[in-house]
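User: I'm new to this one. Can you walk me through it?

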Amino acid sequence: MPKIVFYAKFENMEVLLILIVLLGLIFDYTNGFHDAANVVSTVIATRVLAPLSAIVMAAVLNFIGATQISGVAQTIATGLVNAQDATQVVVLAAVIGAIIWNLVTWYIGIPSSSSYALIGALIGAAWMHQGISTIIWGGVLGKVVIPMVLSPIVGFLFAYSLMKGLYFYLRYRHENHGEKVFRHLQIGSACFVALSHGLNDAQKSMGIITLGLFAGGYLSAPTIPLWVIMSCAVVMGLGTATGGFRIIKTMAFSITHIEPVQGFAAETAASAVILMASFMGMPVSSTQMIAGSITGVGTAKSRHAVSWKVPQKMILAWIVTLPGAAVLGVFAYLLLAGLGLG
């Protein structure tokens with residue numbers, strides 16, 4: 001009888017592991033198509049690249065960026081909840097909650113954050129499993145909450161300042177000068193956005209899958225295996241190649257009218273902040289970064305050049321994503337526990 005129980009538990013662990021890896025990669029895929037808008041919206045809005053060309057470019061560079069390890073994956077795996085307390089059911093509930101949040105917000109066209117959806121769902125599931133003591137509040141505050149508030153503001157200010165400087169530069173040039181020069185420069189800045197997106201966003205899936213492997217006893221320490229890195233990189237690229245056209249419409253055309261010079265400024269500001277955050281191990285939202293930067297360049301032209309209803313809608317999504325995804329993580333955990341997996 002004990003042998004039967006042992007093998008049943010072992011098979012249960014194997015099924016959970018497969019589900020964690022599979023759903024972790026599905027989340028990575030939804031992250032790719034959900035956040036494709038962040039990477040390609042400005043370059044499509046300015047008609048510097050056709051939509052298909054922009055998405056292919058973004059997919060390739062997302063893949064390259066995803067293969068470069070930053071501190072973000074380690075933050076997800078060990079910096080938010082106590083890895084010793086996490087179970088495979090907690091990790092699975094977190095991924096399920098984040099996927100549901102991604103799909104719902106994608107369907108209604110709200111550019112919410114996949115990053116904060118996963119973090120919120122992980123915190124909710126871990127809290128339900130082990131209580132408040134398992135949450136590493138210093139990591140949540142320092143690596144998530146403070147960057148969540150400051151990063152889009154920094155992106156806005158950087159884009160605003162850069163755009164003002166470019167307006168001053170272009171004031172004494174021929175009116176066609178900016179169009180010709182910045183059409184070329186914007187391709188480069190769009191490439192940097194795609195690279196930085198892969199470097200930051202794919203790391204979250206790597207971290208959550210690694211946490212699941214560690215929780216199940218398949219890793220002696222929560223370090224990222226090579227096969228996890230490559231799998232997440234490939235799936236992120238495929239997801240981006242699918243394209244999130246519902247959100248592209250919101251990001252590219254609903255905030256402000258964008259010319260190549262504005263697109264270059266917005267992309268440069270967003271990629272700079274995302275790259276800086278990546279190397280500091282901060283899982284920031286590329287959605288909020290590019291939205292803040294687009295708003296910044298629009299405001300640099302005129303306050304009335306921005307449709308403020310869209311940023312207000314994004315701020316609302318920004319506020320509700322962490323707690324909303326946490327609630328989904330709680331319900332997912334309760335559902336799995338009710339099925340006898342908890």
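Analyst: Let's begin with a term. Patches are made of residues with over 30% relative accessible area and no salt bridge; like charges are joined within 9 Å, and nonpolar side chains (Val, Leu, Ile, Met, Phe, Trp, Tyr) within 5 Å. A salt bridge is a side-chain nitrogen of Lys or Arg within 4 Å of a carboxyl oxygen of Asp or Glu. Accessible areas come from the Shrake-Rupley method with a 1.4 Å probe, and for residues only the protein chains shown count as cover.

User: Which residues make the nonpolar surface patch?

Analyst: Leu 141, Ile 146, Val 149, Leu 150, Ile 153, Val 154 and Leu 157 make it, over about 560 Å². Leu 141 sits in helix H7 (residues 137–170). Leu 141 is partly exposed, at 47% relative accessibility. Buried means under 20% relative accessible area, exposed over 50%, and partly exposed in between (1.4 Å probe, protein chains only).

User: What kind of model is it?

Analyst: A predicted one: local features need pLDDT of at least 70, side-chain atom pairs count only at pLDDT 80 or more, and totals for chains, interfaces and linings use all residues. Residues are numbered from 1 along each chain as its sequence is written, and side-chain values use heavy atoms, leaving out hydrogens and water.

User: How many helices and strands does the protein chain have?

Analyst: 13 helices and zero strands. Both are DSSP runs numbered from the N terminus: helices are H or I, at least four residues, and strands are E, at least two. Of the chain's 342 residues, 56% count as buried.

User: How many residues are in the largest nonpolar core?

Analyst: It has 80 residues. Those with the most contacts inside it are Ile 119, Met 206, Ile 208, Ile 209 and Leu 211. Helix H5 (residues 88–107) gives the most to this core, with ten residues. Another core lies apart from it, with 13 residues, including Val 39 and Met 57. A nonpolar core is a set of buried Ala, Val, Leu, Ile, Met, Phe, Trp, Tyr and Cys residues joined through side-chain atoms within 4.5 Å.

User: Back to H5. Is Gly 97 buried or exposed?

Analyst: Buried, with a relative accessible area of 0%. Gly 97 lies in helix H5. Leaving aside neighbours within four places in sequence, Gly 97 is in contact (heavy atoms within 4.5 Å) with Ala 121, Leu 328, Gly 329 and Ala 332.

User: Why is H12 largely enclosed?

Analyst: Because 15 of the 16 residues of H12 are buried.
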